[in-house]
Amino acid sequence: MAQRLQNITINAPAFAGINTQDSPIGVDPSFASIANNCVIDQYGRIGARKGYTAVSSNGSSVLGTSRGIEALHESLDVSGDKVVFSAGNNKIFSGTTSLTDITPSGYTPTANNWKIIDFNNHTYFFQRGHESLIYTDESGSGVLEAFSSHSHATGVVPQANEVLAAYGRVWAADITGNKHTVYWTDLLQGHHWTGGTSGSLDLTTVFPTGNDEIVALAAHNGFLIIFCKRSIIIYSGATSPANMVLHDTIEGVGCISRDSVQHTGTDILFLSDSGVRSFGRIIQEKSMPMRDISKNVRNDLLNHVSLETNPIKSLYSAEEAFYLLVFPDNNITYCFDMRTALPDGSNRVTTWKHITPLSLAKLDDNKIYIGKSDGIYEYKDHSDNGSSYTMSYFSNPTDFGNASNLKFLKKFNLTVISSATSATTLNWGYDYSDKYNKKVITNLGPNNQPAEYGVAEYNIAEYATGIDIQTPKTNGTGSGSVVTVGIETVINGSPYSIQKIDIHALMGRLL
């Protein structure tokens, strides 16, 4: 009897992102086991992330042998004036193309984990165990100074690790020896920590778990949200702190990283000890349910958390539609696509390597700045400061819905969107082995010409000239009961995305 030929099409590979949490053999083929240096575009295709281009020219000389730029922030005042601040090598800098040391004379930081905020035409710098700093630019020549040197400062400024500007005040918490008190300034006076309507709130009797510590603060829908390590405490009426009322407490879920907290405009994302959570409030209900957006990579992500010794960083960009969570020690960034949630409430996720930021900042013009070991870079184009990088996609092992037959992969037809000069390395393997058959194939259609497809059909109008639909083909070899397919390509100046993979397989004997 003739063998049965089966045609398998994987449309929009990795449409659902990475899934390393569920059993690989039964997982939906829209998931990937690996999607590295990838993003998921607005059409659901997996494609290459952008690279980075140098902004600062003197980073190496001013940063020396330090870790690099560990804090980044763009300040914007009411006049529209912009200043980019950065911190590294126990110094504070202003500027972009040239980093200028503006550390106050006689002030010696011992770390660079600053939380920087803007409030009422001033910029504030807070870090645990350090006297807070204030930047003022009232005369057109900005000055950064310690609070004790600021002529209008009153009271003892908490040497807090967390600071928030919200509801007309500056709020601070997480002080060495006191991780249970929230402090706030007088109304519209970010440098007045005594008198007026300034005050503090001790949460010792409020913690639902008995003993806890404050990690981060956020403002959302009129609430002051206090993220503790093992709980979340929500106060209403924060516009008048003296009259705030305890609205709700959430026990068993907290925040373990100050800089993981990102406000999306309608939600708040944060890292808990059980993964990345979405603080989604349902107005009709009194409770505030949360989604686990990292559900499909939870164990891998938490392993990185356990290995990380330096601060975990994050960024949310509405324009790129992603939330980035960076583990610098592990050289990995998790990229969560925030366009829509999957049916289980999680979000599609890919990973990035070899771009690892030490800090991140989204600018007013929507550019993304990256702090690295030798200066400031911008997330743009498709090369890593002139160097190439590898994009990788691998499916989960699949038996094509037929576990009882041997499979012989006979032919692969790929549809990718890329430059015709790019090359694709196709990988295929059998029975869970990581020793793959490999074939490098050029991204060309018949007669060594780019395939001719309608621009609208494949949504490639957003790409630059020279980017076309390519249809590389190759024959397969070998056999096995379970199959894994992968695509790797070197990104060196041009975008690349995968539209679909067509596989022609023969079903062999029963196993």
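Colleague: What is the mean pLDDT of the protein, and how many of its residues reach 70 or more?

Modeller: The mean is 91, and 92% of the residues reach 70 or more. pLDDT is the predictor's confidence in each residue, from 0 to 100. This is a predicted model, so local features need pLDDT of at least 70, side-chain atom pairs count only at pLDDT 80 or more, and totals for chains, interfaces and linings use all residues. Residues are numbered from 1 along each chain as its sequence is written, and side-chain values use heavy atoms, with hydrogens and water left out.

Colleague: Where does pLDDT stay under 50?

Modeller: Over residues 281-286, where the model has seven contacts beyond four places in sequence. Residues 450-456 also stay under 50, with 15 such contacts. A contact means heavy atoms within 4.5 Å. Where pLDDT is low, the predicted coordinates should not be read in detail.

Colleague: Why is Thr-425 called buried?

Modeller: Its relative accessible area is 19%. Buried means under 20%, exposed means over 50%, and partly exposed lies in between (1.4 Å probe, protein chains only). At 19%, Thr-425 therefore counts as buried. Thr-425 sits in strand β35 (residues 423-430). Strands are DSSP runs of E, at least two residues, and helices are runs of H or I, at least four, numbered from the N terminus.

Colleague: Which residues does Thr-425 touch?

Modeller: Leaving out residues up to four places away in sequence, they are Lys-438, Lys-439, Val-440, Gly-486, Ile-487 and Glu-488.

Colleague: What makes strand β34 largely enclosed by the rest of the structure?

Modeller: Count its residues. In β34 (residues 405-419), 12 of the 15 are buried, so the strand is largely enclosed.

Colleague: How do you know that β34 and β41 pair?

Modeller: Two strands pair if DSSP finds at least two bridges between them. β34 and β41 (residues 497-510) have 11, in the antiparallel sense. They therefore pass the cut-off.

Colleague: Which bridges join β34 to β39 and to β38?

Modeller: β39 (residues 479-480) pairs with β34 over two antiparallel bridges. There, Phe-408 stands opposite Ser-479. β38 (residues 473-475) is joined to β34 by three bridges, again antiparallel. Lys-411 stands opposite Asn-475 in β38.

Colleague: What is the order of the open sheet of four strands?

Modeller: β22-β23-β24-β25, with antiparallel pairing. β22 (262-263) and β25 (290-292) stand at the edges, each with a single partner strand, so one side of each has no neighbour in the sheet.

Colleague: What makes the contact of Glu-320 and Lys-50 a salt bridge?

Modeller: The definition asks for a side-chain nitrogen of Lys or Arg within 4 Å of a carboxyl oxygen of Asp or Glu. Glu-320 and Lys-50 meet at 2.8 Å, N to O. The pair links distant parts of the chain, 270 residues apart. Glu-320 is partly exposed, with a relative accessible area of 24%. Lys-50 is partly exposed too, at 28%.

Colleague: How many salt bridges does a search of the whole structure find?

Modeller: The search finds 20. Among them, Asp-337 and Arg-339 have their closest N and O atoms 2.5 Å apart.
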